[in-house]
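Visitor: I'd like to learn how to read a sheet and the helices packed on it. Could you walk me through one?

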Amino acid sequence: MNTAVYNKLNKCCLLVFRNKKINDFSGADAVISEFANGGYYFDKISYVAYNCSAEIVFALKDGLENYENMVIYCPKAMEGTIKDFAVAAVGGEFDGLNFLKGESNSVFMLFSDSNNRLLVSDICNELDKRYGVNHGCAYVKAVGAPQSLIMSAVNSAKSICGELEFNISESYGDTKIEVVYGSNTPKSIFDRALRELVARLDKYIYALEDISLEERLVQLLKLRRMKIAVAESFTGGGICKRLVSISGVSEVFYEGLNTYSNEAKAARLGVEEMTLKRFGAVSEQTAAEMAEGLIKDGNCDVSISTTGIAGPKSDNTNKPVGLTYIGIALKDGTQAFKYQLCGSRKKITETAINLALFLAYKFIK
C-alpha cells in the first residue's frame, strides 16, 4: 500500500468555511458534538474564511491528501465551487445526499445556512459500515458536580473499560456526560464502568438519559401527583420560563411570582417585616419564608424561592455579588441553601436557576 494512503486511513478532518467577521461557532460546535455522539472524532478541525480563495484551496488539498474522510461545513452558496474542486481531485460524483466516495477519500458536505438532506447520523452510519463497528451512547446528567470530581469519576470508569469515550459538556452547572461505546465492548464490563461513574457522582445526578433538567422535574411531579409553585426575586422568572417550556406542565404548575421588592415579598408571600429588616432580602431566613408563603395555603405540594445578588454591582449592603439563597418547601418542612456563585450576571442567574430546579427534584425524589 502507498505510504501516503496508509497514513491517512481512518483519519477524519472537518473544514468549516465561515465569515471571518462573525465569531459564531455554534453551528460547527453542534456538528462536532453530534459526531462525538456517534463515536467519531476529528483529527483536525480547520476554520477557513470563505472569502479567501488561497486558504480555501490549501485547506481542501490538505484534507484530501492527509485524511481519508473529509467533512465540509459551509454556506450553500459555496456548494458548486467546492464540489467542482473535490470531483476534479477525487473523481466520481456527489450523490443526492451530497456524499462523494472516491478510491481513497470520502467527502461529506453539510450546509451551515440551509436544510441538509445528509445528516450527521447518516455519515456516522456510513463510517460504521465501512469500519465494521457500531456505536452506542449512554448518558449521565448532573448538576453542581465539581469538575475535579467529574474527571476523577471518568478516569475511574475508564480504568475499568479503556475502550469508552467520554464527551463532557457543561452549561451553567448542568453537566452532560456522554459515554460512547463500540459494538465490541463487552456489556458486563461496560455496565461495571457505568455503575462506577454513577456511584461516584450519585448525589449530583438527575437523569441517566439525555433529558433536560426541567423535563425531568416535571416528569417526577406528575409521577408523584404533586403541584409546584415558584417565587423568584433575582432570577426574574427564569425558573418559571423553563418549567412552562415543557408540554403538559399545567398538570403540575400552580403559580409563579416575581417578587423583587421587599413590599412584594411581604404582601404576596408573607415575609415578616422584621425578617427583612434584620436579615435583609438576600438571606437564608427570607428565602425560607418566601418558600413557606407559597405553600401555606395548601394549593401546592412543593415550592421554590430564590433571592440573591446577580450583579454587576452589589446592593446597598456589604453582601457580595453572587450571593444566592434558594428555598425549597414541602408541606412537612422548609430548607434554605446558600451559594456563592461567580461570573457574569447571566452566569450567576442561570446557574441559580439550574440549582433551584435540581434541589426541587432532589427534595421530591
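Guide: Let's start with helix α6 (residues 147-160), which lies across β7 and β8, running at about 165 degrees to β7. This is a predicted model: local features need pLDDT of at least 70, side-chain atom pairs count only at pLDDT 80 or more, and totals for chains, interfaces and linings use all residues. Residues are numbered from 1 along each chain as its sequence is written, and side-chain values use heavy atoms, with hydrogens and water left out.

Visitor: How do I read those names and angles?

Guide: Helices (H or I, at least four residues) and strands (E, at least two) are DSSP runs, numbered from the N terminus. Axes are lines fitted to C-alpha atoms, for helices over the stretch in contact (heavy atoms within 4.5 Å). Angles run from 0 to 180 degrees between N-to-C directions.

Visitor: What order do the strands of the sheet have?

Guide: Strands of a sheet pair through backbone hydrogen bonds, either parallel or antiparallel. Here the order is β7-β8-β6-β9, an open sheet of four strands with antiparallel pairing; two strands pair if DSSP finds at least two bridges between them. The edge strands, β7 (165-171) and β9 (205-207), each pair on one side only. Between β7 and β8 (residues 174-182) there are seven bridges, and S169 has K176 in β8 as its bridge partner.

Visitor: Which strands does helix α2 lie across?

Guide: Helix α2 (residues 26-37) lies across β6 (135-143), β7 and β8, at about 45 degrees to β8.

Visitor: Is A36 in that helix buried or exposed?

Guide: A36, found in helix α2, counts as buried because its relative accessibility is 9%; buried means under 20% relative accessible area, exposed over 50%, partly exposed in between (1.4 Å probe, protein chains only). Leaving aside neighbours within four places in sequence, A36 is in contact with Y41, N167 and V180.
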